[in-house]
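This report is meant to be read beside the sequence and the model. Please have both in view before going on.

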Amino acid sequence: MLELTSVSKRFGGLHVLHDVNLSVPEGAIFGLIGPNGAGKTTVFNLITGLLPPSGGEITFNGESLLRKRPHQITRLGIARTFQNIRLFKEMTLLENVVVGAYRHMNYGFPGLLLGLPAFREHERRARDRAHELLTWMRLDHKANDLADNLSYGEQRRLELARALATEPRLLLLDEPVAGMNTGERTELMREILAIRDRGYTILMIEHDMRFVMGLCERIAVLNFGKIIACGGPEEIRNNEQVIEAYLGREDDDEPEQAEARP
Ligand SMILES: Nc1ncnc2c1ncn2[C@@H]1O[C@H](COP(=O)(O)OP(=O)(O)O)[C@@H](O)[C@H]1O
Ligand SMILES: [Mg+2]
């Protein structure tokens, strides 16, 4: 479904990604792991068109994503959540989900504000769908609350609902459980499985190894911008290079759960 071939990225003299190959099959829950600064978020920024790659090819269902604008890529069926949550805090949950969907359509706010019949009908459907997604994420009872009042775990679920509102086929999740407590993590694990079972494909960056190993059928490990291993959870857990670069030995500390970047 998603293929990265020999993808590289430089920021000036900084060579952040080298020859990255990645193949995410439809229906998978695929993990992308690795130390802080390895280039994981950059991979998402290239896929979603926020940044152009310096070399290589990225295709989605056979179609090249290079030189496409972010909203075009969204329309092809790729949605993401962000490492640093991005919500409209002064809007309600419902508005966050509806606006999330509208931002990627041809007519933006002006159309909404004009209130023309076609827009009104569209908005009604967008609201119905937003309620559905909020229900799915167990947030519909708060649909009219301000997003600002949500707990961290709820904000992450609202971001998911908003990403789903663009009707994607592929969901990119950047550290979905960062900042969540154990209970919230277990719940989100169930939700991500439920999302996949409804036919979505998921590519996620995550540091919580229990979460990654429990959910992902396939895992790619990025280290200093290079894929150093790719395989099933067992294979990755026992890979010497991965242990050395990232996982550590049994007696070492767990890898970091969250990263602090400005
Ligand atoms: N827009 C950018 N401009 C310059 N350097 C960047 C930019 N985005 C990321 N980097 C650098 O690229 C490297 C990889 O960052 P990132 O992809 O965020 O890593 P990860 O998500 O694996 O922690 C870091 O050294 C980071 O500072
Ligand atoms: Mg990152």
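What follows describes a sheet, the helices on it, and some contacts of aromatic rings.

The model is predicted. Six strands make up an open sheet of mixed pairing, in the order β6-β7-β8-β3-β9-β10. Strands β6 (78–80) and β10 (226–231) are at the edges with a single partner strand each, so one side of each has no neighbour in the sheet. From one strand to the next, the twist averages 20°.

Within this sheet, β7 (residues 170–174) pairs with β8 (residues 201–205) in the parallel sense, over five bridges. Residue L172 stands opposite L203 in β8. Helix α6 (residues 152–164) packs on the sheet and touches β6 and β7; the direction of α6 makes about 155° with that of β7. Helix α10 (residues 240–247) lies across β3 (29–33), β9 (218–223) and β10, and runs at about 125° to β10.

The structure holds one aromatic pair. The ring centres of W136 and Y200 are 6.3 Å apart and the ring planes are at 40°, so the pair counts as tilted. W136 belongs to helix α5 (residues 117–136), while Y200 is in the loop between α7 (182–197) and β8, 64 residues apart. W136 is buried, at 14% relative accessible area. Y200 is also buried, with a relative accessibility of 7%.

| Arginine | Ring | Distance to ring centre |
|---|---|---|
| R86 | F82 | 3.9 Å |
| R169 | Y200 | 5.6 Å |

Y200 thus takes part in the aromatic pair with W136 and has R169 over its face.

Note on methods: Residues numbered from 1 in each chain as written. Chains lettered and ligands numbered in written order. Predicted model: local features only at pLDDT ≥ 70, side-chain atom pairs only at ≥ 80, totals over all residues. Heavy atoms only, no water. Pairing = 2+ DSSP bridges. Helix = DSSP H or I, 4+ residues; strand = E, 2+ residues; numbered from the N terminus. Axes fitted to C-alpha atoms, helices over the stretch in contact; angles between N-to-C directions. Contact = heavy atoms within 4.5 Å. Phe/Tyr/Trp six-rings, centres within 6.5 Å; stacked < 30°, edge-to-face > 60°. Buried < 20%, exposed > 50% of the residue type's maximum accessible area, 1.4 Å probe, protein only. Lys NZ or Arg CZ within 6 Å of the ring centre and 35° of its normal.
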